[in-house]
Amino acid sequence: MAKRDYYEILGVPRTASEQDLKAAFRTLAKECHPDRNPGDMAKEQQFKELNEAYEALRDPQKRAAYDKFGHAAFDHGMGGRGGFGPDFASSMSDIFDDLFGEFMGGRRGSPRRGSSRERGADLRYNMEITLDEAYTGKTAEIRVPTSVACETCSGIGAKAGTKPAACPTCAGLGKVRASQGFFTIERTCPTCVGRGEVIDDPCPICSGAGRVMRERMLSVPIPAGVEDGTKVRLVGDGEAGLRGGPPGDLYIFLSIKPHSFFQRDGADVFCRVPIAMTTAALGGQIEVPSLEGTASRVKIPEGTESGKQFRLKGKGMPVLRSKSVGDMYIQVEVETPKSLTRRQRELLEEFERESHKGTSPDSAGFFARVKDFFDGKAG
């Protein structure tokens, strides 16, 4: 059977550029790849034809020969059996990197050179502060157990006077390739575990890791206005990197203790204040605490009802990284007298007898409507 034209197999014109050829091959190869079409012999044959066509046309010299002589140009020069010569796996590695990146979930693109400079892990520290500390800000001193660079080997992991050598298995790349048929599989080097280096004489203190466990004392700046759940990042104060690698970061997660007086809502704070029934009825003044540590006076108008709020502007929390300040809201709750003396009871009973003169309009109006409701039911 006569072979199909290579340009026809790839679906491109003879004037196609190198990039056009590569893009066409990638698209078609992904569609008919055997991993996507298990057991489909037609797709497998198409995949082989695509490989053969692209191998011939991607090389400028081979393409020129094909354009002039057609398939006859390779009858004695491509290693036989459809053009899968000994250099096929190497020449196609960039394509298979893309294919395996999609089919196997690996990284796309060319292999990354191995490195022993692995970044250290990030660390988390939970810190609880008071609302007063969140209001003013503070600098906290904390102790963090973590790994630090080994002083004996300066973090490289090798014994003093020696240094790591390039891995003999992967030549420092950190990865090795193996050919299986016309596939090339890349995996982490088993000798250096992807680091690209080996240590023949490790440091006796850190056993070649380049880091040791220590407890560090750190100063943590807590800015004014932080909220519950705020995260403070200390760059470079995490775990030391492996064998001289860069350190990770330390994340401080803040939580705020409940306050005995205040509840917070963003930049505003709320304070519930019980007041005497007489103060609510006659009016007066009360003193309430503030986050500044001073007392603030609040005027209570005559006839104040339970639940009434009074706003103290600028007495709330500072807004993080801003000059703005929230407000404080005082919510009064009228307290019912308890444990009355005989005289107090007499006075209240006298007041009750006088209450029909309009001192409690809401109460009188409500019960008048209740009476009308039941009168209507009876009629």
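**Exercise 1.** Over which ring does the charged end of K308 sit?

*Solution.* Start with the source: this is a predicted model, where local features need pLDDT of at least 70, side-chain atom pairs count only at pLDDT 80 or more, and totals for chains, interfaces and linings use all residues. Residues are numbered from 1 along each chain as its sequence is written, and side-chain values use heavy atoms, with hydrogens and water left out. Next, the test: NZ of Lys or CZ of Arg must be within 6 Å of the ring centre and within 35 degrees of the ring normal. The charged end of K308 sits over the ring of F310, 6.0 Å from its centre.

**Exercise 2.** Find how many aromatic pairs the whole structure holds, then classify F261 with F262.

*Solution.* Rings of Phe, Tyr and Trp (its six-membered ring) pair if their centres lie within 6.5 Å; planes under 30 degrees apart are stacked, over 60 edge-to-face, the rest tilted. The search finds 5 pairs. F261 and F262 are edge-to-face, at 6.4 Å centre to centre and 65 degrees between planes. Now check accessibility (buried under 20% relative accessible area, exposed over 50%, partly exposed in between; 1.4 Å probe, protein chains only). F261 is partly exposed because its value is 45%. F262, at 5%, is buried.
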